[in-house]
Structure formats: C-alpha cells, structure tokens
Number of protein chains: 2
Amino acid sequence: MSEKGILEFKALRSVESCLFHRCCLTLERHFGLNFEKIQKIKGSKVETVFYQSEDLNSTLMFKYHIASKAITIEIDSPTFLKTMSFEDMQDLAKLIQMEHEQDLGFPNQSDSWQQLPILQLGQSFNQYLTTSDGRVIQYGFKSRVFHDQSKYQTIDIYDTEDHGKILLLDGVVNLAENDTKAYTEILLGLPKNEEQFNQKRVLILGGGDGGLLKSLLTLTHPPSQIDMVEIDEKVMTACSTHIPSICEPYLSQRSGPNFNVITGDCFRYLEVAQASAKLSIWSIQRALQESRTLLDQGGKYLTHCNGINVPSSVGNFKTMLKSIVKDRAQIIMRSSFVPSFHEVWTFFELEMK
Amino acid sequence: MSEKGILEFKALRSVESCLFHRCCLTLERHFGLNFEKIQKIKGSKVETVFYQSEDLNSTLMFKYHIASKAITIEIDSPTFLKTMSFEDMQDLAKLIQMEHEQDLGFPNQSDSWQQLPILQLGQSFNQYLTTSDGRVIQYGFKSRVFHDQSKYQTIDIYDTEDHGKILLLDGVVNLAENDTKAYTEILLGLPKNEEQFNQKRVLILGGGDGGLLKSLLTLTHPPSQIDMVEIDEKVMTACSTHIPSICEPYLSQRSGPNFNVITGDCFRYLEVAQASAKLSIWSIQRALQESRTLLDQGGKYLTHCNGINVPSSVGNFKTMLKSIVKDRAQIIMRSSFVPSFHEVWTFFELEMK
C-alpha cells in the first residue's frame with residue numbers, strides 16, 4: 001500500500017515556478033525529504049512538473065491549471081505519508097502557503113488553498129465508492145466478512161462502525177444493517193402506511209437480502225401472504241449467515257404460514273401468475289410493466305429509484321412510470337437520506353385506480 | 001478545472017510492463033488518445049512510469065507497488081475525463097483488465113481491479129472533506145451561500161441536496177439543516193429526556209448556529225431561562241440570515257421572556273457566574289471544568305465528543321470527563337449517525353450526584 005496526498009492552491013499570478021521550488025524546500029526542511037526535478041511538460045492547458053525523491057520511491061507532481069490559475073501538488077509515497085497524519089498534511093499546506101505569500105510579498109486569499117484528504121493506493125479491497133452522481137465516498141470497511149462471485153454478480157459483505165454490516169452487489173452498496181428505517185421502511189411507506197398491509201397479498205420481486213420480507217412479517221398486522229422471488233441463491237445464503245439482524249429467521253426458514261421464498265427468475269414467476277387467475281396482489285420493486293395486470297384497484301406497486309442528486313434520472317424514471325400506468329394509477333414520490341448510500345434516495349409508490 | 005481518474009489492479013505476477021503497454025493501446029484504440037513514455041523510475045518499493053499525451057495536456061502515471069503487487073494507473077486530463085462518464089471509466093477498467101487477462105493467458109481474480117472515482121482538481125472551492133478518522137467524503141456543494149473570515153475562524157455556508165444548508169467553520173462541517181434530529185436532539189437527549197428541561201435554567205456555551213437554542217425554546221415545556229454565550233458575532237449573523245430554519249426567529253431576536261443571547265467569551269461569563277450566588281444551572285457543551293461548580297445535584301452537563309471511528313479519542317474524552325467529575329457524576333454516552341458528518345458521532349451526558 002502507498003499513499004497519495006494532494007494539495008491545491010489558487011495562484012494570484014503565475015508564480016508556479018517559485019512555488020515548485022518553495023514546496024521542495026519546505027519538504028526538505030521540515031520533513032527531511034529530498035526531491036529533484038526530472039521532467040517539465042508545458043501543455044496549452046496544464047503545465048506539469050515531475051519530481052522524484054532521492055530513494056526513488058516517492059514522487060511529487062505539480063500541476064498548474066492555466067485557465068483557473070490553480071496549482072495542484074501531489075505527493076505519492078509508500079513511506080513518507082504513512083508517518084504523516086492529516087494534521088501534518090495541513091501543516092505542510094500552511095507552511096507552503098505562508099512561504100508562497102512571502103514570495104508574493106502580500107497575503108494570499110484565506111481560501112486560496114485546499115487539501116484533498118490522503119488517498120490510500122494499492123489496498124487489498126476498495127474503500128472508495130461513489131454516490132449516484134459520481135462523488136467519492138471513502139467507506140470505513142473494517143473487514144471483508146464475505147466475498148464470492150455468483151452466476152449473476154459479485155457479492156461482498158463488509159463490516160463498518162457507522163453502518164453495521166454492508167451488502168455490496170457488483171461493488172455497489174445495496175443495504176446496510178443500520179438502513180432499516182431509512183431504506184426499507186421508507187420504501188414500504190412505514191410507519192404511516194402500516195395499516196395498508198393488513199391481510200394483503202404481497203409479491204417481492206428480488207429483495208435477496210431479506211430486509212423487506214422481515215419488515216413485512218414483523219408488522220403488528222402482517223400481510224396474509226408474501227411471496228418473494230429471488231434469482232440469486234448465494235445472496236440469500238450470504239445475508240442469512242452474515243447479516244442475520246436484517247432477515248432472520250425468515251430467510252433461513254424460507255417458508256411459513258404466510259410466506260414463501262422462491263429461488264428463481266421473477267419474470268418467469270410473473271408469467272405464471274399472469275396466466276392464472278387475477279390476484280389482488282401488491283408487488284414491490286422492479287417489473288411494473290409485467291406486474292400491473294396483476295394489480296386490482298387499490299393495489300400498490302412500490303419501488304426504489306435513484307439519488308436525488310441526479311434529477312434527470314429521477315425525472316426519467318417518473319416519466320417511464322407514467323407512460324406505463326397512464327392515468328390508471330396515482331404516483332407518490334418519497335425520499336430519505338440513506339446513511340450507507342451517503343445521499344438522499346428516492347422511492348415511488350403507485351396506487352392503482 | 002481538470003480531472004483525475006485512478007484505476008487499480010492486482011497483478012498475479014510482475015506483468016507491469018505489458019500492462020503499461022496494454023493500457024496505452026487501449027486508451028489509443030478506444031478513446032483516440034496517444035500517450036508516450038517520458039520517464040521510468042525504479043525504486044525499491046514502487047516503480048513509477050510517466051507518460052504524456054500528444055497535446056502535452058494530459059498525463060498518465062503507472063505505479064507498481066512491489067510488496068502488494070498492486071498496479072495503480074492514474075490519468076490526469078483537462079479535456080479527456082470531462083467527456084468520460086463514470087461508466088466510461090469502468091469500461092476502460094474492464095477493457096484493460098480483459099486484455100491483461102489475455103496477456104496472462106488465464107482469468108485474473110474477479111476482485112483484482114478497483115477504481116477510484118474521478119477526482120476534480122483545480123475547483124473554485126473544496127468539495128473533499130474528511131471524517132474524524134481521515135476518510136475522504138466528496139460533498140455535493142451546489143453553491144457557496146456565504147463566505148467570510150471572522151476574528152476567530154473561517155465561516156462558510158454551502159447549499160446541498162442531501163443535507164440542506166451546511167455550516168463549515170475553518171473548513172470543518174459543524175451543522176446542517178437536516179441534522180436537527182441526528183445531532184441537536186441526540187445531544188439534548190430528546191425526545192426521551194424532554195421532560196427534564198421543564199422549568200430548568202440552561203447555559204449554552206458557544207452554540208453560535210442557534211440550533212440548540214431553538215430546539216430548547218420550542219419544547220412543549222421549555223426551560224425557565226436560557227443564556228447562550230457565543231464569542232463569534234459573525235457566525236450568529238450568518239446562520240440567522242442564511243439558515244433560518246435552524247435558529248429563527250430566536251437568533252435574530254437575541255432575547256425574549258426566557259432567553260438571552262450574549263456575544264462574548266464564555267469563559268469570562270463563567271467566571272462572573274462563579275463569583276455570584278450558586279445557581280441551579282444546566283450547562284451544555286465545552287468547559288465542564290469551569291461549569292461544574294455551578295451545577296447543583298441533578299444538574300446536567302451535555303456535550304458532543306468525536307466520531308466513533310476514532311475510539312481512542314472517544315476513550316480519552318471519557319477518561320478526561322471522569323478525572324474532572326470523579327465520583328460526583330453519572331456519565332452516559334449516546335451516539336447517532338449524523339448525515340452531514342457521514343459517520344456515527346458520540347455525545348456525553350453528565351448528571352451531578
């Protein structure tokens with residue numbers, strides 16, 4: 001593993017060359033590191049200067065962004081940054097800033113420098129994931145509890161302080177132990193709409209972590225029957241074994257007086273259901289298109305959507321829902337900050353007229 | 001502004017040279033970019049190769065971490081990455097991975113590559129902040145609503161989709177509009193301990209955003225008197241003007257039948273209070289040491305602490321509290337995931353015996 005520190009400055013005038021020199025001196029004087037210049041590349045938009053350390057293991061890269069007059073300083077080191085705390089990096093930034101101001105002969109703007117947190121490169125598993133709009137979030141994964149590749153996807157379960165255990169499918173956060181209220185309950189419209197599940201029939205399309213199943217079965221007045229159709233047996237086994245708080249004992253039992261878990265393709269299941277008598281059924285998650293012929297008046301289709309930071313995506317989803325149900329359903333949007341997603345997530349509820 | 005993309009691979013054997021070559025070919029073939037090698041540095045821990053693009057504006061950096069056999073590929077570009085989506089970067093990673101496997105002659109491990117989200121360099125304000133344990137969180141700051149430097153600190157207010165308005169002091173997130181429940185109410189022990197504030201006297205040391213003040217004044221049975229002592233006038237004016245949902249109308253009024261906001265140094269205020277008659281007072285936040293002589297039996301001292309991801313810090317804080325109050329107070333710890341902090345935060349309540 002090695003580490004990467006990035007500092008950024010706004011230059012009031014083109015002082016990049018004295019800054020490069022100054023930064024090297026600061027690093028040498030305060031941290032005992034020696035860098036020497038190996039290459040300067042002068043592009044029309046960015047100027048880049050590479051430096052290498054005496055021991056050849058660390059590199060220093062300066063970038064001068066000509067249009068924005070921003071200077072980026074990147075330090076990569078397998079040894080140097082390890083011994084530096086975040087506060088040390090801030091001290092280094094302040095030192096360079098101060099000496100930069102001395103060079104300029106006047107104080108720079110107080111907001112003229114910023115620092116990207118130290119990044120860890122070469123780790124054994126990825127801690128850096130993204131929100132729906134591509135922002136980086138570094139997770140505090142303490143340990144990888146489970147890792148396997150199923151026929152359908154990569155399944156990972158990590159343990160964290162902030163969210164409890166987290167389930168990732170193909171590297172994307174699906175659900176965390178501490179998301180029950182913020183995700184599962186909001187998707188179901190609980191606690192407000194709790195009464196509406198009383199004695200209803202529910203079909204869960206997917207939902208392999210078992211969170212929806214457990215939330216519904218533990219209601220004061222649970223549905224009369226829940227069928228859950230999940231294609232990936234490995235997801236169910238992994239969650240049942242490693243995140244029991246979300247789904248147990250229901251996911252390991254697989255069936256009971258009022259529920260049945262089917263391992264299979266939910267689209268095939270829908271075909272069979274459509275061929276048989278019309279049911280008064282509530283369906284949750286994907287496949288509105290296939291489900292809606294099964295929904296009687298008052299029947300509901302509940303689904304999650306996307307992060308609120310991608311309004312175009314949420315808008316398109318709503319348009320898609322409208323185009324499928326036309327005027328035959330009332331559409332309600334809910335939203336909730338989901339801790340393990342690190343953003344506000346949106347959910348839709350369609351009630352058939 | 002320019003952008004930085006980082007991909008990481010685990011090499012099963014030392015294939016870095018063919019990977020470097022392969023990556024360049026992939027970039028050229030699929031994205032029309034031409035890079036040529038300018039320097040190779042072979043350290044004992046890391047090997048680094050720099051490439052430059054034909055137009056000299058983009059750079060490509062390969063790092064081979066010898067101990068972990070991890071390969072890091074960094075692409076910096078003012079133009080190239082702007083036109084690439086996150087999915088494009090993933091496609092690129094998959095392409096290189098696939099071609100890497102062809103070179104090896106056998107499939108690599110499925111978890112052998114990971115990708116850091118694209119980083120934005122040279123921005124006008126910093127979007128990358130850290131949790132208490134130094135993890136990077138990229139905030140979705142839509143606009144900077146307020147920026148000023150007071151005598152005591154830098155004050156920033158940003159607008160976001162996920163958290164509403166956020167107050168930063170010296171670049172550190174202090175409070176967001178949507179944190180009222182997760183931060184202010186947990187600090188106060190609400191709603192469970194609401195009854196305990198009824199007709200009590202409360203002293204708020206600091207609390208410039210006015211969140212605590214408003215939460216207490218809007219209780220069904222509010223305290224009989226609240227004194228708030230805040231040193232930074234500029235923080236109060238900024239919050240009153242730009243985050244009214246947190247503190248209004250109380251912060252602009254500054255006084256009422258049962259509250260009084262004092263601009264000043266809370267330590268001086270405590271000295272005066274200590275010199276006068278002993279009060280039955282509840283004090284919130286810092287300065288237990290100075291406050292405790294003012295606390296009668298049953299009086300409480302409430303304070304926030306640190307993130308749960310730094311257990312040593314939380315442990316030291318608790319030890320410090322114990323050493324001050326000895327056996328004369330009962331200490332209770334509470335914790336809560338604070339959305340705008342992106343982590344679980346801890347709070348302490350001390351009740352004088």
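This is a predicted model: local features need pLDDT of at least 70, side-chain atom pairs count only at pLDDT 80 or more; totals for chains, interfaces and linings use all residues.
Local features require pLDDT of at least 70 and side-chain atom pairs pLDDT 80 or more, whereas totals for chains, interfaces and linings use all residues; side-chain values use heavy atoms, with hydrogens and water left out. Residues are numbered from 1 along each chain as its sequence is written, and chains are lettered from A in the order in which they are written.

Secondary structure was taken from DSSP runs numbered from the N terminus (helices, H or I, at least four residues; strands, E, at least two). In chain A, helix 5 spans residues 233–242, and its buried residues are Val235(A), Met236(A), Ala238(A), Cys239(A) and Ser240(A); buried denotes under 20% relative accessible area, with a 1.4 Å probe and protein chains only. The N-terminal end of this helix is capped by Asp232(A), a side-chain oxygen of which lies 3.1 Å from the backbone nitrogen of Lys234(A). Helix 10 (residues 311–325) of chain A contains Leu321(A), which is buried at a relative accessible area of 1%. The C-alpha atoms of Leu321(A) and Phe348(A) are 9.1 Å apart, although the two residues are separated by 27 positions in sequence.

Ser340(A) occupies the loop between strand 19 (329–338) and strand 20 (343–352) of chain A. This serine counts as buried because its relative accessibility is 0%. Beyond residues up to four places away in sequence, Ser340(A) touches Tyr139(A), His163(A), Ile166(A), Val173(A), Ala176(A) and Asp179(A), contact meaning heavy atoms within 4.5 Å. With Asp179(A), the side chain of Ser340(A) forms a polar contact of 2.4 Å (a pair of N or O atoms within 3.5 Å, one able to donate a hydrogen and the other to accept it; residues adjacent in sequence count only if both atoms are side-chain atoms).

No disulfide was found in a search of the whole structure, over all chains, the criterion being a pair of cysteine sulfur atoms within 2.5 Å. Cys247(A) is buried, with a relative accessible area of 0%. In chain B, Cys239(B) is likewise in no disulfide, the nearest cysteine sulfur being that of Cys247(B), 5.8 Å away. Cys239(B) also counts as buried, at 1% relative accessibility.

Note on methods:
Buried means under 20% relative accessible area, exposed over 50%, partly exposed in between (1.4 Å probe, protein chains only).
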